[in-house]
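Hi,

Here is the model I said I'd pass on.

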Amino acid sequence: MQANNQPGDYIVRYHLGDTYRVIGQTTLTVRGVTATLDAASQVQAGKEIEVQWDGPDAPQDYISIDPAGSPDREYTTYTYTRFGSPLTIRVPEDAGSYQIRYHVGRSRAVLAVIDLEVLANSASVTGPTSVAAGADFAAQWNGPDNTGDYITVVPMGAGPREYLSYGYTRHGTPADLEAPLENGRYELRYISGRGRKILARAEIEVTPGVVPGTLWVASGSRQEDTADNIGAVEVILDASGSMLQALGTELRMDIAKTSLEHLVRNVIPE
């Protein structure tokens with residue numbers, strides 16, 4: 001049995017299951033509980049903050065970061081007190097005035113509050129002004145490098161959750177990307193991992209790439225084939241991840257397979 005969240009005098013009763021008639025009771029005094037919190041007063045958006053706490057640590061008690069003045073039952077990012085003190089909490093990605101609060105798990109009542117200022121993030125991203133369709137290129141970036149942040153290239157005007165080729169900032173700068181296969185105007189973007197916020201952008205022009213060519217194979221000698229001079233042809237098929245991208249209305253891999261089949265059946269002599 002868990003005590004009521006509000007201090008005061010109560011009665012503990014024994015009820016019969018079928019009639020709920022009380023056949024025994026006793027009095028119980030519930031004392032008030034308190035909690036304390038300690039943490040930095042400022043932190044960058046999207047980072048993690050360490051919080052020292054002391055409190056009842058009742059089942060499902062938690063510590064959250066909430067917009068200043070939020071009702072007790074409203075909260076954003078949080079961590080349960082069962083993980084001990086100190087604990088870490090992910091900071092919201094929107095800058096502004098917040099409060100770190102100790103909540104009682106059962107009623108969501110707030111036992112302790114301290115103020116927290118979440119500072120806005122800034123970022124930059126740069127790359128070549130133009131790149132050939134399908135070509136690899138590097139994008140330099142600077143930013144908060146929070147968990148899940150990434151650099152991507154998207155069509156101009158695309159929504160914040162759209163992406164094509166991308167690279168996580170945890171892999172360092174520059175980010176290695178692959179240009180889209182369709183030429184046109186695109187954007188490089190620095191995207192926050194949690195809220196998919198666009199922190200920086202730069203224009204990039206994708207120009208037509210190399211036109212697919214043809215392969216002609218001929219014997220290097222007009223001598224009649226014998227056991228000693230039979231020639232050989234080695235064909236290499238690219239099976240990297242980029243082959244899953246579309247070229248026109250077909251996948252690169254499907255085009256390659258069709259070309260390979262035509263090559264070995266019709267072009268290369270037996």
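Which backbone oxygen does the side chain of Arg189 reach? That of Gly159, at 3.2 Å. Before the rest, some ground rules: this is a predicted model, where local features need pLDDT of at least 70 and side-chain atom pairs count only at pLDDT 80 or more, while totals for chains, interfaces and linings use all residues. Residues are numbered from 1 along each chain as its sequence is written, and side-chain values use heavy atoms, with hydrogens and water left out.

Back to Arg189: it sits in strand β17 (residues 184–191) (strands are DSSP E runs of at least two residues, numbered from the N terminus). Arg189 is buried, at 1% relative accessibility (buried is under 20% relative accessible area, exposed over 50%, partly exposed in between, with a 1.4 Å probe and protein chains only).

Now the cores (sets of buried Ala, Val, Leu, Ile, Met, Phe, Trp, Tyr and Cys residues joined through side-chain atoms within 4.5 Å). The largest nonpolar one has 19 residues, and Ile49 and Leu116 are among those with the most contacts inside it. Strands β5, β6, β8, β9 and β10 each supply at least two of its residues, and β10 gives the most, with four. A second, separate core has 18 residues, including Val131 and Ile204.

Last one: Val235 lies in the loop between β18 (198–207) and β19 (246–247). Val235 is partly exposed, at 39% relative accessible area. Leaving aside neighbours within four places in sequence, Val235 is in contact (heavy atoms within 4.5 Å) with Leu260, Leu263 and Ile268. Val235 and Leu263 are 28 residues apart in sequence and 9.4 Å apart in space, C-alpha to C-alpha.

Cheers

Terms used:
Polar contact = N/O pair within 3.5 Å; in protein donor to acceptor, adjacent residues only side chain to side chain.
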